[in-house]
Amino acid sequence: MSKALMIALSNPVSKEREEEYNNWYNNVHAKELMALPGFHSVRRYRAARQMLPVSEDGEPTYRFMAVYEVDDAKEAIQTILDNDPTFNMSDSIDFANAFGVAFEEIFSAKAES
């Protein structure tokens with residue numbers, strides 16, 4: 001079972017290139033990361049609404065999130081950095097404003113049935 005999560009928040013460079021961005025992310029980038037040791041799964045999400053900070057124009061700061069299940073938070077980031085030159089990157093992603101962080105699990109609970 002994975003013991004850590006890596007979160008990537010990003011946007012396409014423009015709304016006109018959103019389809020291209022999602023196609024690249026799902027069919028190229030996610031597959032490249034899933035081929036790396038220690039990476040187990042990825043799920044992507046589209047923002048529905050932003051709560052904090054309050055958005056002046058109603059648009060979320062980050063419109064897309066990818067959640068990766070990984071073995072080790074620090075190793076996952078290092079593995080990405082080590083393999084960065086080999087990735088097939090797209091200019092449809094706004095890298096200047098992207099955000100990525102890996103988290104180590106410190107607590108877990110489940111809802112009672």
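Accessible areas here come from the Shrake-Rupley method with a 1.4 Å probe. On that basis, the protein chain of this predicted model has an accessible surface of about 8100 Å². Carbon and sulfur atoms account for 53% of that surface.

The protein chain contains 2 helices and 4 strands. Their order along the sequence is β-α-β-β-α-β. The C-alpha trace spans about 40 × 40 × 25 Å along its principal axes. There are 113 residues in the protein chain, and 34% of them count as buried.

Contacts can also be sorted by separation in sequence. Taking the contacts in the protein chain between residues at least 6 apart, 79% join residues at least 24 apart.

Charge is the next point. The protein chain carries 19 negative side chains and 11 positive ones. The centres of these two sets are 6 Å apart.

One residue can be followed in detail. Val13 sits in the loop that runs between strand S1 (4–10) and helix H1 (18–34).

Phe95 is 82 residues from Val13 along the chain, yet the C-alpha atoms of the two are separated by 8.4 Å.

Technical notes. Residues are numbered from 1 along each chain as its sequence is written. This is a predicted model: local features need pLDDT of at least 70, side-chain atom pairs count only at pLDDT 80 or more; totals for chains, interfaces and linings use all residues. Side-chain values use heavy atoms; hydrogens and water are left out. Buried means under 20% relative accessible area, exposed over 50%, partly exposed in between (1.4 Å probe, protein chains only). Contact means heavy atoms within 4.5 Å. Lys and Arg count as positive and Asp and Glu as negative; His and the chain ends are not counted. The place of a charge is taken as NZ of Lys, CZ of Arg, CG of Asp or CD of Glu.
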